[in-house]
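Q: I am new to this structure and would like a close look at one part of it. Please keep the account plain and go step by step.

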Amino acid sequence: MDRIENLLVALTAEQPASQPSRTGEAVAQDNVTVGEIAPAEAPAIAAAPVAEATSEAPIRPDGRQDELSFTLTPSQGAEVKLVMRQGAKANFSWTADGGMVNFETHGDGGGQSVSYEKGSSVPADEGAIEAAFDGNHGWFWRNRGDREVTLTITTEGNYIDIKRVI
């Protein structure tokens, strides 16, 4: 338990003044008290392993960053989803190298679904997703061209996990 407490103390000390504590306690920095988040409200966000091997991954106060690349053959589709809590935000950018793709940005979970944006014959897109509800929020792409297309997506923000669905 001491190891976890040491990690939380180290993470709390590194948080910028605009970030609340992930431990449920208010944090005072530069004579300003930053708001409190109850432990049940703080999402568990897995991070890359630290230099020292541990059984638990520390919570990163700034969210996560990921990049995925994969190739779509003609007529092939693929999906990437971020697991998000309602109100969480993630920035993204994606490119289709070698051609254009059709896409839909959408969300689903808990019996709900939403379509954020659709496009046809698009070489790239960027923006932000704000989760309308708890669940999966992401993109579906289809290569309607006659050549392979390499799709690369970069994400950063407050999401719990990222997964590719074929």
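Q: How many bridges join strand 4 to strand 9, and do the two run parallel or antiparallel?

A: Strand 4 and strand 9 are joined by 8 bridges and run antiparallel. The model is predicted: local features need pLDDT of at least 70, side-chain atom pairs count only at pLDDT 80 or more, and totals for chains, interfaces and linings use all residues. Residues are numbered from 1 along each chain as its sequence is written, and side-chain values use heavy atoms, with hydrogens and water left out.

Strands (E, at least two residues), like helices (H or I, at least four), are DSSP runs numbered from the N terminus. Two strands pair if DSSP finds at least two bridges between them.

Strand 9 is largely enclosed by the rest of the structure, because 6 of its 8 residues are buried. Buried means under 20% relative accessible area, exposed means over 50%, and partly exposed lies in between (1.4 Å probe, protein chains only).

Next comes the core. A nonpolar core is a set of buried Ala, Val, Leu, Ile, Met, Phe, Trp, Tyr and Cys residues joined through side-chain atoms within 4.5 Å. The largest one has 23 residues, and Met-84, Trp-94, Val-101, Trp-139 and Trp-141 touch the most other members. At least two residues of this core come from each of strand 3 (64-72), strand 4 (77-84), strand 5 (89-97), strand 6 (101-109), strand 9 (135-142) and strand 10 (149-157).

Contact means heavy atoms within 4.5 Å. The loop between strand 4 and strand 5 holds Ala-88, which counts as buried at 13% relative accessibility. Leaving aside neighbours within four places in sequence, Ala-88 is in contact with Ile-129, Glu-130, Ala-131 and Asn-158. The C-alpha atoms of Ala-88 and Asp-134 are separated by 8.9 Å, while the two residues are 46 residues apart along the chain.

The aromatic rings come last. Rings of Phe, Tyr and Trp (its six-membered ring) pair if their centres lie within 6.5 Å; planes under 30 degrees apart count as stacked, over 60 as edge-to-face and the rest as tilted. The whole structure has 5 aromatic pairs by this search. Trp-94 and Phe-103 have ring centres 5.3 Å apart and planes at 70 degrees, so their pair is edge-to-face. Trp-94 counts as buried at 1% relative accessibility, and Phe-103 counts as buried at 6%. Trp-94 also forms an edge-to-face pair with Trp-141, at 5.8 Å centre to centre and 80 degrees between the planes. Trp-94 lies in strand 5 and Trp-141 in strand 9, so this pair ties together parts that are 47 residues apart in sequence. One aromatic cluster is formed by Phe-70, Phe-92, Trp-94, Phe-103, Trp-139 and Trp-141.
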